[in-house]
Amino acid sequence: MKTRRIKKIAIIGSGIMGSGIACHFANIGVEVLLLDIVPKELNDKEKAKGLTLEDKTVRNRLVNDALMAALKSKPSPIYNQKFAQRITTGNLEDDIAKVAEVDWIMEVVVERLDIKKMVFENLEKHRTPGTLITSNTSGIPIKFMSESRSEEFQKHFCGTHFFNPARYLKLFEIIPGPKTDPSVLEFLNGYGEQFLGKTSVIAKDTPAFIGNRVGIFSIQSLFHAVKDLELTIEEVDKLSGPVIGRPKSATFRTVDVVGLDTLVHVANGIRENCPNDERLELFELPDFITKMMENNWFGSKTNQGFYKKSVNTDGTKEILSLDLNTLEYRSAKRAKFATLELTKTIDKVVDRFKILVSGKDKAGEFYRKSFTALFAYVSNRIPEITDDLYKIDDAMKAGFGWEHGPFQIWDAIGVEKGIELMKAEGFEPAVWVTEMLAAGSTSFYIVKEGVSYAYKIPTKTHTKIPGQDSFIILDNIRKTNEVFKNSGVVIEDIGDGILNLEFQSKMNTIGGDVLAGLNKAIDLAEKDFSGLVVGNQGANFSVGANIGMIFMMAVEQEYDELNMAIKYFQDSMMRMRYSSIPTVAAPHGMTLGGGCELSLHADKVVAAAETYMGLVEFGVGVIPGGGGSKEMALRAQDMFQKGDVQLNVLQEHFLTIGMAKVSTSAYEAFDLNLLQKGKDVVVVNKDRQIAVAKQHAKLMSDSGYTQPIKRTDIKVLGKQALGMFLVGTDAMQDSNYISEHDMKIANKLANVMAGGDLSEPTLVSEQYLLDLEREAFLSLCTERKTLERIQHMLTKGKPLRN
C-alpha cells in the first residue's frame, strides 16, 4: 500500500479556527492553501482607492484580513512569524481549482449544514481522487455532510475536530462517517499524534463528540450547582482551578475566554439532539445565563461576561466579578476554604482528591456533588460516545487542559468509595462499573512493566492502551526503574544504557539537591551507562535557580558560602558539557534562568515545540551566574565575522540577556541562539520527547562519543566592546529608559561579555569568563536594590523595577 504523505493542505474557511489550523500546519512545515469567500461589496478604504470588486486585493480581502488578525493575536498561533510564508491565500472562486494539487482538504466554514454541503459539492468538482477531505465541525453529524457525495468521496471523508486555539490545545478528535475507509482513520490517528503533536481520539458520530459532550456537561453542572450551594463565581473558580489540576482560568474565566455564546450553542445542540440523555435537564440554561445572553455579556469578545475590567475614578484598574443573584458587577471577593488548606502541603494533584471529597465544609460538598455527577455521567456515556474509557480521559486532558480525566480522578478516590459517594448524592454508576468490581477489578487503570492498561468493558479485562510504544511515561517507571533519589531528583534507567535525571523540586527549581543529583547522574552514567537525558514531564522544565536560597545567603552576608554555591552551579554546568558520556537536555514549557543555562551546556537539546526559554536573571537584579553569561559571549564569538559585525553580534547576545528575552516557542529560541541550528532539535509532541532524547543520546554514544576538550580559544573584544556597552547604558539611563540599578547590572554584564577591560582582542578560556561572571553576580548580590527585587519576586511572583 502506498504511504500517504501530507506536503500540502487546503483549508477552506479563514475564521479564527481556519486561520489557527492553517498556522499550525505551517508550524510543522506543511504548505498551506487558505481559501475563503469573495466579498460582496467594497469597504470604505477600497472605495477611497478607486478599487472594484474585480481587483485581486478586494477578492482576497476577507482571507488576508483574517490571517493577518490571527498572526497578530496573542498568544500567537504560529511558532515563528517567518513560518507564515508557508501559507498562500486565495478565494473560493478564483482559486478553487488549486485544491486538485493538495493532499488533504479541510473544511472550516460556518457551522451550518446547508453551507457545508454546498462547499463539499463544489470541492468534489476539483478534488483529485484519493485526497483526504475532512470537516472541522464541532458537532454537526458527519453522516449528514457527505450523504449526497460519491462513494469515493465518502471513503476519504470524516470529521477532524481541532480545539481552539489549534496550536495550544492538544485534542484532535477524528469522527468517522458511515463509509470512511478504516485506513483513513488509522492514518489520521497517527498523523495527529506524530506530526501535529496532538492527542488523537477516534470518537463516535454523536452530538458534540467526546470532549465537548463531557466538558459542556461539566460546566453546565457547575452552572446549576453554583446557586444551589450559594457559591460566588470566585469561589467556584478557586475550587475548579489548579488545586484539582485544571487551568488557572478554571470555570468562569474559561467561559469568558471561549465565549458564553459558543458554550450555549453547543449546550443547546446537545439538548436538542440527545433526547435520551439521562441528565438532559442540566443542558437547560439557568436564568442568569439566559439574561447574560440577552445582554450580550459573552465574555472577552464583548468586554464583559462573568468578569469585567474596570477603571476606577483614581485611574487604577480593577477586575470586577458578576454577582449571579443581582446580575450586577462588584469588587472581587477572596475565596478561602478550610478543605483547600489541608491540601497545601500535597504537591501531587492526584493525591489531593481523597482529601477534597472528605471535606466538612462547603468545598467538600462542592467536590462530592460535582465529582459524583461527573462519574455517573461518564460511566453512562460508554458505549454511546466511545467504547473505551481512556478516550474520555484523553479528551478531557487534551481538550480542556485537565491534568487528570474523570476515570483517573475516580481511581484516585477509589472506585468503591466513588460509588458510595455517588449513592449518597442520589446517583448510580452504569451497570458495567459494578460488573467490573464483581469481576475482581478494583480500578479502571493498572500499570504493568511501565505500560498503562485500561479496563475493557466487553472483555472485562485490562487491555494495553495503544500508541504507548513511542512514549516513555516517567510516572509509570519511576518506582521500578529508580537508580538514585534525593529530595531534588530521581534518576531512572530508561533502557538501552541511558539514564534520565528528573527534577522533583517545587516548580523544578535548581538548588543544591538538584545539582548534587546532576553530578551523581553523570557519575553513574560514566561508570555503568552510555548517556544521560535531563528531562521531566511536569508542567515546566524548570523556572530557574532557587532564588530563595540565594536571597538568604545574601541577606545573612554569607558571601563565601554564596560564592561556593555559584561556583558549584557553574562547575555542574561545565560537567554537563565536559563529561565522558553524551548529555541531552529535554526542555519544555518554562525553561528559565538556571533551567536555560543547563540546556545551554548539554551536548544536544531535544526541545518541545512549546518551550519558552530565556535568561531572565535581570528581573531579579543579577546577571546569569550559572554559565549563561559566559555561554552567550562564547556563542557570539562563534558567530563572529570580520570588521564591525563582531560588535553587532555581541550586542545582540548582550540584549538577549539584558532585555530578559524569552522565546515564545522552541523555534524562536533558535533566533536568540539559545538553541543552535544543526545541533539541537524540536519535537512537536511533548509526549514523545523523553523517548526522542533517549534515541539521540544512544545515537551519540553508538557513534563513538568522545569527551570534548575544554575551550581556550574564545575571542573577547575587551575595551572595544566594553566602551560600546557603557556608552549605550549611560545614554539609556540619561533618557530614563532604565533605572540607575538597571545600568549597574547591565555594566556588570558588559564587563563579562567583553572579557573585561582588556586593551585588545584576546583569546581566553571558558573558566576565565566564568570567573568574571561569578564575580559580577556576587557583587550584585551585595546591592540593596537587588535584594529588594529578589524579595519582591519571592513574595509577589513578578519582577520589581527599581
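Rings of Phe, Tyr and Trp (the six-membered ring of the latter) are taken to pair if their centres lie within 6.5 Å, planes under 30 degrees apart counting as stacked, over 60 as edge-to-face and the rest as tilted. The structure is a predicted model, in which local features need pLDDT of at least 70 and side-chain atom pairs count only at pLDDT 80 or more, while totals for chains, interfaces and linings use all residues. Residues are numbered from 1 along each chain as its sequence is written, and side-chain values use heavy atoms, with hydrogens and water left out.

By the ring criterion, the count comes to 34 aromatic pairs. One of them is formed by Phe223 and Phe252, whose ring centres are 5.8 Å apart with planes at 20°, so the pair is stacked. Phe223 belongs to helix 9 (residues 211-228) and Phe252 to helix 11 (residues 252-258), and the pair thus links distant parts of the chain, 29 residues apart; helices (H or I, at least four residues) and strands (E, at least two) are DSSP runs, numbered from the N terminus. Both Phe223 and Phe252 are buried, where buried means under 20% relative accessible area, exposed over 50% and partly exposed in between (1.4 Å probe, protein chains only). A tilted pair is formed by Phe283 and Tyr377, with 6.4 Å from centre to centre and 50° between the planes. Because Phe283 lies in the loop between helix 12 (260-273) and helix 13 (287-294), and Tyr377 in helix 16 (residues 362-380), this pair ties together parts that are 94 residues apart in sequence. Phe283 counts as buried at 0% relative accessibility, and Tyr377 is likewise buried, with a relative accessible area of 0%. Phe353, Phe366, Tyr367, Phe371, Phe375, Phe407, Trp410, Trp432, Phe444 and Tyr455 form one aromatic cluster.

An open sheet of eight strands, with mixed pairing, has the order 3-2-1-4-5-6-7-8, two strands being paired if DSSP finds at least two bridges between them. Strand 3 (87-91) and strand 8 (199-202) are the edge strands, each pairing on one side only. Strand 7 (residues 171-176) pairs with strand 8 in the parallel sense over four bridges, and Glu173 stands opposite Val201 in strand 8.

In helix 24 (residues 559-577), the 19 residues should span 27 Å at 1.5 Å a residue, which agrees with the 27 Å between the end C-alpha atoms; the expected span is 1.5 Å times one less than the number of residues. Among the buried residues of helix 24 are Leu562, Ala565, Ile566 and Phe569.
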